[in-house]
Structures are given as structure tokens and as C-alpha cells.
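Here is a friendly briefing to read alongside the model below. Have the viewer open, and pick out the residues as they come up.

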Amino acid sequence: MSSPSSASAGGCLQCSRCLKPISGTFVRAFGMPWHDTCFLCGRCGMPIRDAKYASEKGVPYHGECLAMLRGEVCFKCGKPITGTVTTALNEKWHPDCFTCGLCNLPILTSQFSSRDGIAYHIHCQLPTELTPARPCSPARRPCSPCARPCSPP
């Protein structure tokens, strides 16, 4: 965010939100002047005091509020995504939250495999003979994770 400025006595600045004259300290954002008390987030209504803000259709937002408004919430941690969004498995993730189900390291390339909604590095792909992550149920025949017939307990 631009640092607060002071209006000169001779110049007549008008606040971009309330359209009233500005005297004294103000904020300049998006090339326009605002009273510090008028530079409010369009989602939560709280003053924007930090450097992470954005605008949509001329309305200012905290970066996290705009991410929430746009539905950019990480599938794994549930927090807003204000930077790079990784889209995979029909979900949105922080790049560091989209991790391999086997080694738990981030998957940083577009090449990965998945099984039962869990992503794996290509080199970490589970062999088919491993025991499934979910216990077999006699009601499921064959067992979807391993494709083997389920045996009653």
C-alpha cells in the first residue's frame, strides 16, 4: 500500500470512496486518494492497513478477503490462497500444500499420478500389490484401492 500522504492546503483532493474533501493524512492507492478511514475492504469492511491488498471492479480488498471471495481456498489447509494457485484433482491448493501421498513432499511439476484422490510423484507411485490405504469391506467387491477381491474379516 502507498504510504500515507498529506494533502497540501492549496490542493483540493477528493476521497475516492466518500467523495468528501481530504485534508491532512490520506492514503493513495490505485492512483486515487482515500481517507485512511475510507480505505476499507469490500468484503470484511475493516480498514486496509497492510501492503497486501487488491482491487476488483474498483473496490479494494485485503488480499485474503479477495481470495475468499473468489473461492481461492486451499483444499488441504483451508486458508485463502493469495499467491500462486495450484489446480489439481479438481481442487485448488497452495503449491506447498499439494504434496505426494507417499513422501509428503510438494509436487512441483504438472506430472503426477493419483489413486483414490491422492496425488503421488511419478517416481513415488505405489505398487499395485501394496495394501490399500482403506481397509477392505466385504460389501465392496472387488476392493477399489487394490482391485483384489475382499475377504470377509
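From the N terminus on, the order of elements is β-β-β-β-β-β-β-α-β-β-β-β, which amounts to one helix and eleven strands in the protein chain. Please keep in mind that this is a predicted model.

**The chain as a whole**

- The protein chain has 153 residues, and 29% of them count as buried.
- Its accessible surface is about 9800 Å², with 55% of that belonging to carbon and sulfur atoms.
- If you take the contacts between residues at least 6 apart in sequence, 12% of them join residues at least 24 apart.

- The largest nonpolar core holds eleven residues, among them the cysteines Cys74, Cys97, Cys100 and Cys124.
- Ile81, Ala88, Trp93, Phe98, Ile107, Ala119 and Tyr120 also belong to this largest core.
- Leaving aside residues up to four places away in sequence, Cys97 touches Cys74, Lys76 and Cys77.
- As general background, nonpolar side chains in soluble globular proteins tend to be buried together.

**Aromatic pairs**

- How many aromatic pairs are there? The count comes to seven.
- Phe39 and Tyr53 make an edge-to-face pair, because their planes stand at 85°, over the 60 degrees required, with ring centres 5.4 Å apart.
- Phe39 sits in the loop between strand 5 (32-35) and strand 6 (53-56), while Tyr53 is in strand 6, so this pair ties together parts 14 residues apart in sequence.
- Is Phe39 buried or exposed? Phe39 counts as buried because its relative accessibility is 0%, under the 20% limit.
- Phe39 and Tyr53 also belong to one aromatic cluster together with Phe30 and Trp34.
- Phe98 and Phe112 form another edge-to-face pair, at 5.2 Å from centre to centre and 80° between the planes.
- Phe98 is in the loop between strand 9 (91-93) and strand 10 (112-115), and Phe112 is in strand 10, so here too the linked parts are 14 residues apart in sequence.
- Within this pair, Phe98 is buried at 2% relative accessibility, whereas Phe112 is partly exposed, with a relative accessible area of 26%.

- Strand 4 (residues 25-29) pairs with strand 5 in the antiparallel sense, over four bridges.
- Ala29 has Met32 of strand 5 as its bridge partner.
- Two residues lie between the strands of this hairpin, and Phe30 takes a positive phi near 60° there.

**The salt bridge**

- The count of salt bridges comes to one.
- Which side chains meet in a salt bridge? They are those of Arg70 and Glu56, at 2.9 Å from N to O.
- Arg70 counts as partly exposed at 43% relative accessibility, and Glu56 counts as partly exposed at 28%.

How values were computed: Residues numbered from 1 in each chain as written. Predicted model: local features only at pLDDT ≥ 70, side-chain atom pairs only at ≥ 80, totals over all residues. Heavy atoms only, no water. Core = buried A, V, L, I, M, F, W, Y, C linked by side-chain atoms within 4.5 Å. Buried < 20%, exposed > 50% of the residue type's maximum accessible area, 1.4 Å probe, protein only. Contact = heavy atoms within 4.5 Å. Areas by Shrake-Rupley, 256 points an atom, 1.4 Å probe, with all protein chains shown as cover. Phe/Tyr/Trp six-rings, centres within 6.5 Å; stacked < 30°, edge-to-face > 60°. Pairing = 2+ DSSP bridges. Salt bridge = Lys/Arg side-chain N within 4 Å of Asp/Glu carboxyl O.
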